[in-house]
Amino acid sequence: MLHIANLHASVAGRTILDGLDLDIPTGEVHAIMGPNGSGKTTLSNVLTGRDGYDVTGTVSFDGIDLLPLSPEDRAAAGVFLAFQHPVEIPGVGNMYFLRTAVNAVRRTRGLPELAPVEFLGVAKEHMARLEMDPAFLSRSVNAGFSGGEKKRNEILQMSMLEPRLAILDETDSGLDIDALRIVAQGIERLRSPERSMLIITHHPRLLDDVHPDRVHVLSGGRIVRSGGHELAHELEADGYGSTQVTVPA
Amino acid sequence: MSDVIGALVDREYAFGFHSDLDTDFAPKGLNEDVVRLISAKKDEPDWLLEWRLGAFRHFLTLEEPTWPNLHHPPIDYQDMHYWAAPKPRPQLASLDEVDPEIRATFDKLGISIAEQERLSGVAVDAILDSVSVATTFKAALAEVGVIFCSFSEAVREHSELVRTYLGSVVGYRDNFFAALNSAVFSDGSFCFIPAGVQCPMELSTYFRINAAQTGQFERTLIIAEEGASVSYLEGCTAPMRDENQLHAAVVELIALDDASIKYSTVQNWYPGDADGKGGIYNFVTKRGRCAGARSKISWTQVETGSAITWKYPSVILQGDDSVGEFYSVAVTTNHQQADTGTKMIHIGRNTRSTILSKGISAGHAQNTYRGLVKILRSATGARNHTRCDSLLIGTDCGAHTFPYVEVKNDTAQVEHEASTSRISDDQLFYCRQRGLTEEDASTMIVNGFCREVFDELPMEYAVEAQALMRVSLEGAVG
């Protein structure tokens, strides 16, 4: 399980996360909602080890202290982030990238590497479920992809990498109805008793398709409310106003 | 990531050994006697000595060019040897007679001459300190009429061909370094593909500078007759030495009607140490002439070595419908400087040229693209497409682009695109989040940047180039 206690993060002296506590038991899907600037993206960056933050507190995952680990070691431990803005890497084939990533993770799990042909077979199955054209594999990573294509590519990577903790940072933003449905189904398929998921979102719509076990409200850098699925709709009706707190100076 | 960039100095040069060969030197210095001595050592015909002397006298009237974006202490042309040859140097009847030290040298470079002959199917001409020591596969090539031999042998055995084509693309009046080379060149490779023959294997020359305080001046001359085609590879390394060594080569290519020549280089001369001490000064004139209609000349270069690179592989598009291509990756790290690019001279009708240049700078390096696209009045319907991309790694390096375009025919279409980018933190983090190490991530991103050029290399070289990219940028990115 993921255990976060008293997590603080700041950039250049500005506090963003301010004593955040959160537990996600294995097999559960939790959602975090919150207004802009509440620290949602910072939380996903801090959990995955991005440089540039001063961090204190506790983040443990299956008893492993994540904070001292590099991003790649966290990935090897099974932490995956679906990026809000997936990055373009010109000239690097999507298939090559994905296979390199899958094999890097497989090596650390003591599994044999997938040869190109095996890999291609597995990739095509996953792509068919996500209604992706196999031609995606021969294009450069995210280069020239539409917003929806990029997000589906993130879900493809997540399915192939089989993480133990999946963090989805506003994967639903900017998607049309069809793309949203495909992404939601992709997430739903990955739900498993061995996997924890943290879905960061602005919109309750995604949560209607992916019923989270718990919904948390992030405001002022900490969790200010937690509840069941119904909390998402309460927020939709009332806004974040009633839950906002100010950041102490 | 800045501390990792700082670790650029960790870069090691893998080919820095030198071999203890008994070497025959001419006395230091450059004068008419040295030119005569070289010619006499090689037992050359009078016409060639006269040509050399003509070049030398012209050289005396020239000044070293100052227009490149390169900075180095003055080169003392009197303070080096112009002739160095491993001795003894008998006529070699077979590879077994090659000096074991020389063979060991090439073995260390991964160019085991004997192995190459047996296994790889690539014909190799190995050149040590400007002297050709072994050419493989000669017999197999001779069967189809292809001549592939050292330049000296070509002068002896195929004198008329050499006389016809030598200096026909790069005359000795062309520039300072070409004049110098023409006066003192010691050896090189010669290749002739007769009409209608597709050369059955890749031809390859491997250049190695060994002797200290010695300039290397070799010439390569490749002729593809009507309808002939050849793919030619060139590799280069040198020992690590504290002093700078001069390499001033000339390469001439001639393609007649419907002929095609593909010339690929992986240049990895010693670049000097992390403080910029030592390294090869590489002043090379490479030019091809598409003399015939529908002929094609394609240059692909991966330049990772040398302290200084001054090099503009060019194509004169003389025949109607002829095609010139230039694909380049130039990597500079530490204190390396490169001023490289191409010239496409359109003379014939409907001639087409493509220029794709990828410059990568790290450390304190300066990387300059300099290109000329010239469309003459006669070149109706000529087209050029140029793209120059620069990738910067770290904050202390520089990328510069000097594209010159001269158009004298208004039916021409000339396009130029340029970009400058950095490896972004976002890209690195994205890759690392997917489980790649920082080093693997940066190598992947750089190779992605170079991919369109690597795609132009023959398969074995493309693999080598990617590996070289990793070694060159070790510790430079992250």
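Tutor: Let's take the labels in turn, each with the rule behind it. This is a predicted model, where local features need pLDDT of at least 70, side-chain atom pairs count only at pLDDT 80 or more, and totals for chains, interfaces and linings use all residues. Residues are numbered from 1 along each chain as its sequence is written, with chains lettered from A and ligands numbered from 1 in the order in which they are written.

Student: What are the model's overall scores, ipTM and pTM?

Tutor: The ipTM is 0.94 and the pTM is 0.80.

Student: Why is Gly324(B) called buried?

Tutor: The rule counts other C-beta atoms, placed from the backbone, within 10 Å of the residue's own: 20 or more is buried, 12 or fewer is exposed, and in between is partly exposed. Gly324(B) has 30, so it is buried. It is in strand S17 (residues 323–332) of chain B. Of the 478 residues in chain B, 56% are buried.

Student: What does Gly324(B) touch, leaving out residues up to four places away in sequence?

Tutor: A contact means two C-beta atoms, placed from the backbone, within 7 Å. On that rule Gly324(B) touches Cys290(B), Ile297(B), Val315(B), Leu317(B), Met344(B) and Ser353(B).

Student: What makes H3(A) and H4(A) roughly perpendicular?

Tutor: Axes are lines fitted to C-alpha atoms, for helices over the stretch in contact, and angles run from 0 to 180 degrees between N-to-C directions. Under 35 degrees counts as roughly parallel, over 145 as roughly antiparallel, 65 to 115 as roughly perpendicular, and the rest as oblique. Helix H3 (residues 94–108) and helix H4 (residues 116–129) of chain A cross at roughly 100°, with axes that come within 11 Å. H3(A) and H4(A) are therefore roughly perpendicular. Met95(A), Leu98(A), Arg99(A) and Val102(A) in H3(A) meet Pro116(A), Phe119(A) and Ala123(A) in H4(A).

Student: How do the residues of that contact of H3(A) with H4(A) divide by class?

Tutor: Ala, Val, Leu, Ile, Met, Phe, Trp, Tyr, Cys and Pro count as nonpolar, Asp, Glu, Lys and Arg as charged, and the others, Gly among them, as polar. That gives six nonpolar, no polar and one charged.

Student: Are H5(A) and H6(A) roughly parallel or roughly perpendicular?

Tutor: Helix H5 (residues 147–161) and helix H6 (residues 177–190) of chain A cross at roughly 10°, their axes coming within 10 Å. H5(A) and H6(A) are therefore roughly parallel. Their contact has six nonpolar, three polar and two charged residues.

Student: Why are S6 and S12 of chain A said to stand at the edges?

Tutor: Two strands pair if DSSP finds at least two bridges between them. The open six-stranded sheet runs S6-S9-S10-S3-S11-S12 (chain A), with mixed pairing. Strand S6 (79–82) and strand S12 (222–227) of chain A each have a single partner strand, so one side of each lacks a neighbour in the sheet.

Student: How do you know that S11(A) and S12(A) pair?

Tutor: Strand S11 (residues 214–219) of chain A and S12(A) share five bridges, in the antiparallel sense. Leu218(A) stands opposite Ile223(A) in S12(A).

Student: What makes up the contact between chains A and B?

Tutor: Chain B gives 15 residues and chain A gives 19. On the side of chain B that touches chain A, H10(B) has the largest share, six residues. By class, that side of chain B has six nonpolar, five polar and four charged residues.

Note on methods: Helix = DSSP H or I, 4+ residues; strand = E, 2+ residues; numbered from the N terminus.
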